[in-house]
Amino acid sequence: MIKAKPETLEKMKNFAENFSKKSGTVVNPNKEAAEAVISGLAAHVDELGKPLCPCNFYPDKQEEVKKRRWICACNEMQIFKYCHCLLFTTEEGLPITEYLPEWHEGRQIYGLVKDPTPDKGRALSKPDKIYEALKEYVEEHGLDIPDEEIRKFAEETAKKK
């Protein structure tokens with residue numbers, strides 16, 4: 001990965017701090033983990049013009065930029081308040097998993113991590129957005145989750161504000 005320009009790195013640090021306040025999370029208290037993600041985001045800004053999530057593998061980064069779903073703050077963060085990169089966490093350094101279904105890998109790995117600030121974040125937590133994101137997740141991971149279950153979860157989770 002390319003090394004980010006100092007000014008881009010500073011811009012992404014500011015973004016992370018500001019977004020964490022807006023979303024009711026904190027920048028991961030493990031400074032090394034936070035710096036690694038921020039450096040990756042900054043490098044992608046310099047390379048691609050957008051802060052593409054550095055924690056995923058992309059066969060075609062430009063195509064992913066066009067899709068926008070992994071541009072930080074990614075769809076998972078905006079819909080579920082879940083940051084798989086662990087950049088935006090609770091004060092204990094855990095990702096919020098309260099809004100994820102039990103079959104999501106984040107929920108399976110970390111268990112139930114309650115949202116300490118349910119009045120903040122989740123800008124895209126509308127039933128249709130939740131449904132679309134989960135449907136895509138199910139397809140990408142080859143899961144056998146009935147459509148009715150996904151729709152029901154989306155409706156219930158959208159009400160949790």
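Glu 47 forms a salt bridge with Lys 61 in this predicted model, and the closest N and O atoms of the pair are 3.4 Å apart. Because Glu 47 belongs to helix H2 and Lys 61 to helix H3, the pair ties together parts that are 14 residues apart in sequence. Both partners are partly exposed, Glu 47 with a relative accessibility of 38% and Lys 61 with one of 27%.

**Salt bridges**

- A search of the whole structure finds nine salt bridges, and one of them joins Asp 147 to Lys 135, with 3.1 Å between the closest N and O atoms.
- That pair links distant parts of the chain, since Asp 147 is in helix H7 (residues 147-159) and Lys 135 is in helix H6 (residues 127-141), twelve residues apart.
- Asp 147 has a relative accessible area of 23% and is therefore partly exposed, and Lys 135, with a relative accessible area of 27%, is partly exposed as well.
- Within helix H7, Glu 156 and Lys 152 lie four residues apart, about one turn of the helix, and their side chains meet in a salt bridge with an N to O distance of 3.9 Å.
- Glu 156 is partly exposed, its relative accessible area being 43%, whereas Lys 152 counts as exposed because its relative accessibility of 54% is over the 50% cut-off.
- Salt bridges that share partners also join Glu 64, Lys 67, Arg 69, Glu 136 and Glu 140 into one network.

**Helix H2 and its packing**

- Helix H2 has 18 residues and reaches 25 Å from its first C-alpha to its last, which is close to the 26 Å expected at 1.5 Å a residue.
- The buried residues of H2 are Ala 34, Val 37, Ile 38, Gly 40, Leu 41, Ala 42, Ala 43, His 44, Val 45 and Leu 48, and the buried residues of this helix pack against H1, strand E1 (26-27) and H3.
- Val 65, which lies in helix H3 (residues 61-67), touches Leu 48, Lys 50, Leu 52 and Ile 71, when residues up to four places away in sequence are not counted.
- With a relative accessibility of 11%, Val 65 counts as buried, because that value is under 20%.
- Val 65 and Gly 24 are 41 residues apart in sequence, and their C-alpha atoms are 26 Å apart in space.

**Nonpolar cores**

- The largest nonpolar core has 27 residues, of which Leu 52, Met 77, Leu 87 and Phe 88 touch the most other members.
- Helix H1 (6-23) and helix H2 (31-48) are the elements that give two or more residues to this core, and H2 gives the most, with eight residues.
- A second, separate core holds 17 residues, among them Leu 100, Val 138, Ile 145 and Ala 158.
- Phe 88 touches Phe 15, Ala 16, Phe 19, Ser 20, Thr 25, Val 26, Cys 72, Met 77 and Cys 83, again without counting residues up to four places away in sequence.

**Backbone geometry**

- Most residues other than glycine have a negative phi, and most peptide bonds are trans.
- The peptide bond from Cys 72 to Ala 73 is cis, with omega near 0°, and Ala 73 lies in the loop between H3 and helix H4 (75-80).
- Arg 68, a residue other than glycine, has a positive phi near 70°, and its place is in the loop between H3 and H4.
- The relative accessible area of Arg 68 is 45%, so this residue is partly exposed.
- Leu 86 likewise has a positive phi in a residue other than glycine, with a value near 65°, and Leu 86 lies in the loop between H4 and E2.

**Nonpolar surface patch**

- Leu 94, Ile 109 and Tyr 110 make a nonpolar surface patch of about 270 Å².
- Leu 94 is found in the loop between strand E2 (88-89) and helix H5 (105-110), and it counts as partly exposed because its relative accessibility is 35%.

Key
Residues numbered from 1 in each chain as written. Predicted model: local features only at pLDDT ≥ 70, side-chain atom pairs only at ≥ 80, totals over all residues. Heavy atoms only, no water. Patch = residues over 30% accessible without salt bridge, like charges linked within 9 Å, V, L, I, M, F, W, Y side chains within 5 Å. Areas by Shrake-Rupley, 256 points an atom, 1.4 Å probe, with all protein chains shown as cover. Salt bridge = Lys/Arg side-chain N within 4 Å of Asp/Glu carboxyl O. Buried < 20%, exposed > 50% of the residue type's maximum accessible area, 1.4 Å probe, protein only. Core = buried A, V, L, I, M, F, W, Y, C linked by side-chain atoms within 4.5 Å. Contact = heavy atoms within 4.5 Å. Expected span 1.5 Å × (residues − 1).
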